[in-house]
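Student: Could you take a close look at one part of this structure for me? Please link it to what lies around it, in one go.

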Amino acid sequence: MKHLLIAAALALAATAARAEVVDAQPNGFEVRREAVLNAPADKVYAALTQPSAWWNKDHTWSGSSANLSLSAMSGGCLCERLPNGGSVLHMSVVYAQPGQSLRLFGGLGPLQMSGAAGHLSWTLSEKDGKTTLAQTYDVGGYRKGGLDKIAPAVDGVLNEQFDRLKAYVETGKAP
């Protein structure tokens with residue numbers, strides 16, 4: 001019985017934060033992640049707009065998360081300052097509804113150096129002071145060798161950022 005309870009607890013924990021490559025084809029892919037965050041939607045949304053506080057520096061071009069900014073308004077950007085006055089526009093904001101949804105368009109990381117781009121969407125739904133956060137990145141276009149090959153790596157990087165965001169929202173600091 002003890003082993004059955006442990007197995008049930010592990011199964012429940014696995015459903016608390018689901019991540020997956022939903023679809024992967026040579027011309028595109030979709031990755032998705034969803035979890036319940038122990039915070040109201042307005043706090044989660046505010047944290048989304050502060051990537052410098054939770055994004056891993058190892059996944060920046062400058063080597064410093066402090067160089068990231070996100071202007072959460074249509075036409076705004078997820079941008080990064082580079083040394084010597086350089087900059088990177090990672091994604092453009094195409095939809096911003098505080099406390100509900102934020103959508104960006106563009107290519108993250110190595111996707112910038114290909115003919116691929118996508119929509120990164122966060123949807124927030126609050127119930128009893130907790131927020132279900134769904135993150136989806138739909139990518140399409142051309143990449144030598146096929147986009148399906150890079151989908152698991154993109155999923156892994158986005159999952160890491162999602163975990164860091166969740167920790168930041170719930171504890172005030174990212175790992």
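**Around helix α4**

Tutor: Start with E170, which is partly exposed at 33% relative accessibility (buried is under 20%, exposed over 50%, partly exposed in between, with a 1.4 Å probe and protein chains only). Before going on, note that this is a predicted model, where local features need pLDDT of at least 70, side-chain atom pairs need 80 or more, and totals for chains, interfaces and linings use all residues. Residues are numbered from 1 along each chain as its sequence is written, and side-chain values use heavy atoms, leaving out hydrogens and water.

Back to E170: its side chain meets that of K166 in a salt bridge, 2.9 Å from N to O (a Lys or Arg side-chain nitrogen within 4 Å of an Asp or Glu carboxyl oxygen). Why can these two be separated by about one helical turn? Because K166 and E170 are four residues apart in helix α4 (helices are DSSP runs of H or I, at least four residues; strands are runs of E, at least two).

Now see what else α4 takes part in. Helix α4 spans 151–171, and both α4 and β4 (77–81) supply at least two residues of the lining of the largest pocket. The largest share of that lining comes from α4, with four residues. The pocket holds about 270 Å³ of space, and 17 residues line it, with H59, L108, G109, P110 and V157 the closest to its centre. (On a 1 Å grid, a pocket is an open set of points with protein on both sides within 12 Å along at least five of seven lines; in a cavity a 1.4 Å probe fits but cannot get out; lining residues have an atom within 4 Å of a point. Volume is the space filled by probe spheres on the points.)

Helix α4 also turns up at a cavity. The whole structure has one cavity of 30 Å³ or more, and the elements giving two or more residues to its lining are β2, β8 and α4. The largest cavity has about 30 Å³ of space. Its lining is V31, R32, R33, Q135, T136, Y137, D155, L158 and N159.

Follow Y137 from there, and you reach the aromatic pairs. The count comes to two (rings of Phe, Tyr and Trp, using the six-membered ring of Trp, with centres within 6.5 Å; planes under 30 degrees apart are stacked, over 60 edge-to-face, the rest tilted). F29 and Y137 pair edge-to-face, with 6.5 Å between centres and 85° between planes. This pair joins distant parts of the chain, 108 residues apart: F29 is in strand β2 (residues 28–37) and Y137 in strand β8 (residues 130–142). Both are buried, F29 with a relative accessible area of 4% and Y137 with 0%. The other pair is W54 with W55, tilted, at 5.6 Å centre to centre and 55° between planes. W54 is buried at 2%, and W55 is buried at 10%.

Finally, compare the bridge you began with to others. There are five salt bridges in the count. Among them, K57 and D58 meet at 3.4 Å, N to O; K57 is partly exposed at 47%, while D58 is exposed at 55%. D148 and K149 form another, with the closest N and O atoms 3.6 Å apart. Here D148 is partly exposed at 21%, and K149 is exposed at 59%.
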